[in-house]
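Q: Could you take me through a protein model feature by feature, giving the general idea each time and then the case at hand?

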Amino acid sequence: VTPASTMDVTAPDSGVIAAVFVREGVEVPTGAMLVRVVDRDLEREMLAAAGAVDSLSMATSRARAAQSTGTLERLEAERSAAVARFTALQSRIDGLTLRAWWTGTVTTPRVHEIEGRRVQAGDRIMRLATLDTLEARVALARAGAASVRAGQVVHLIAYGDAANPVDAVVSGVAPAGDRNRGTIEIRVPVRQSIGWRAGAT
């Protein structure tokens, strides 16, 4: 049995993992902070952009006081461009604090040890899984396996709880293992609330 849904949390930009706010096995709600990545070059760019906005704001005020229409229009256009650049950089920095897209459980082993690691854009940082919904995967190779279809009812029996079989419905069928032997894999969603856990056989 494996988690049916997982979410890979990836770095949106290059930088260093400055803080990890979660631990392995912890369930986090949608929107919870998971990790913060710091990009010093990006922070320096934002400080420079903030300085440019301040300088152009003062210059615009002086031009307005002097009633210098041509200069004022030019400075206002430059200030608008500087503000847009600052806002874009601020948005990129805000995006380096990564949050959970949905409620899930942190499944990355020893996730706290990634603090201080350098990452590139697209690198996987951690993984969340929705462990309330699991997926049983069953390999079939005997006669009749090819006749299995999505939507059929199956009865699953866990070794740890043979007295309570689970009725479920096949959600998908795919080739598995040795294709020459006609082995297929069926996938069946099951609820964790019925007592099944990830890794169960």
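**Reading the model**

A: We can begin with a charged pair: R44 forms a salt bridge with D41, the closest N and O atoms being 2.4 Å apart, where a salt bridge is a side-chain nitrogen of Lys or Arg within 4 Å of a carboxyl oxygen of Asp or Glu. This is a predicted model, in which local features need pLDDT of at least 70 and side-chain atom pairs count only at pLDDT 80 or more, while totals for chains, interfaces and linings use all residues. Residues are numbered from 1 along each chain as its sequence is written, and side-chain values use heavy atoms, with hydrogens and water left out.

Q: Where do R44 and D41 lie in the helix, and how many residues apart are they?

A: An α-helix has 3.6 residues a turn, so residues three or four places apart point the same way. Both R44 and D41 belong to helix α1 and are 3 residues apart, about one turn of the helix; helices (H or I, at least four residues) and strands (E, at least two) are DSSP runs, numbered from the N terminus. R44 is exposed at a relative accessible area of 51%, whereas D41, at 47%, is partly exposed; the classes are buried under 20% relative accessible area, exposed over 50% and partly exposed in between, with a 1.4 Å probe and protein chains only.

Q: Which helices does the salt bridge between R64 and E76 link?

A: The side chains of R64 and E76 meet at 2.9 Å, N to O, and this pair links distant parts of the chain, with R64 in helix α1 and E76 in helix α2, 12 residues apart. R64 is partly exposed at 44% relative accessibility, and E76 is partly exposed at 33%. The structure holds 10 salt bridges.

Q: Is T60 buried or exposed, and what does T60 contact?

A: T60, found in helix α1, counts as buried because its relative accessibility is 4%. Leaving aside neighbours within four places in sequence, T60 is in contact (heavy atoms within 4.5 Å) with L72, L75, E76 and R79. A polar atom of the T60 side chain also lies 2.7 Å from the backbone oxygen of L56.

Q: What do the buried residues of α2 pack against?

A: Those residues are L72, L75, A82, L89 and I93, and they pack against α1 and β6 (97–99).

Q: How many residues has the largest nonpolar core?

A: In soluble globular proteins, nonpolar side chains tend to be buried together. Here the largest nonpolar core has 26 residues, and those with the most contacts inside it include I17, V28 and M126; such a core is a set of buried Ala, Val, Leu, Ile, Met, Phe, Trp, Tyr and Cys residues joined through side-chain atoms within 4.5 Å. Apart from this core lies another, of 13 residues, among them L134 and V190.

Q: In what order do the strands form the open sheet?

A: Strands of a sheet pair through backbone hydrogen bonds, either parallel or antiparallel. In this model 4 strands form an open sheet in the order β2-β9-β7-β4, with antiparallel pairing, two strands being paired if DSSP finds at least two bridges between them. The edge strands are β2 and β4 (27–28), each of which pairs on one side only. β2 and β9 pair over 5 bridges: T10 stands opposite R124 in β9, and D8 has R127 as its bridge partner there. Strand β7 (residues 104–106) is joined to β9 by 2 bridges, with T105 opposite A129.

Notes: Polar contact = N/O pair within 3.5 Å; in protein donor to acceptor, adjacent residues only side chain to side chain.
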